[in-house]
Amino acid sequence: METASELNEQLMECIFRLFALLRRGPRMPAGEPGSKVGGRPSAQNRILLMLNESDGISQRDMTTLLQLRPQSVSETLSKLEAGGLGERRQNSRDKRGVKIF
């Protein structure tokens, strides 16, 4: 029988694969809510959707999953925080890491 830690790791791998597939999925038509020119969802909407599913995700994992530059994620998170839509907290296990809620 697998330990909770091993199951958690497997679940995170599945979630990463799912997000990778969703990233490659169909684009939203231009002009639809949540879209921008070119039909791709805005970074803010993509981050909010991810937080809805994975509250407490690390900023590093978010950057990897969304295939965005770390600077872009940081700037977008600052805008979301200013609007009261997100919050960065220091990781209690690793003081260098940041979790997003």
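Start by selecting R88 and E81: they form a salt bridge, with the closest N and O atoms 2.9 Å apart. The term means a side-chain nitrogen of Lys or Arg within 4 Å of a carboxyl oxygen of Asp or Glu. This is a predicted model, where local features need pLDDT of at least 70 and side-chain atom pairs count only at pLDDT 80 or more, while totals for chains, interfaces and linings use all residues. Residues are numbered from 1 along each chain as its sequence is written, and side-chain values use heavy atoms, leaving out hydrogens and water.

Now color by accessibility (buried is under 20% relative accessible area, exposed over 50%, partly exposed in between, with a 1.4 Å probe and protein chains only). R88 is partly exposed at 24%, and E81 is partly exposed at 29%.

Select its 12 residues: F19, I47, M50, L51, I57, M62, L65, L66, V73, L77, L80 and I100. Two or more of them come from each of α2 (43–53), α3 (59–66) and α4 (70–82). Helices are DSSP runs (H or I, at least four residues), numbered from the N terminus.

Zoom in on M62 and list its contacts (heavy atoms within 4.5 Å). Not counting residues up to four places away in sequence, M62 touches I47, M50, L51, I57, V73, L77 and I100.

Last, click T63 in helix α3. T63 is buried, at 11% relative accessible area, and touches L68, R69, P70 and V73, with residues up to four places away in sequence left out.

Key. Core = buried A, V, L, I, M, F, W, Y, C linked by side-chain atoms within 4.5 Å.
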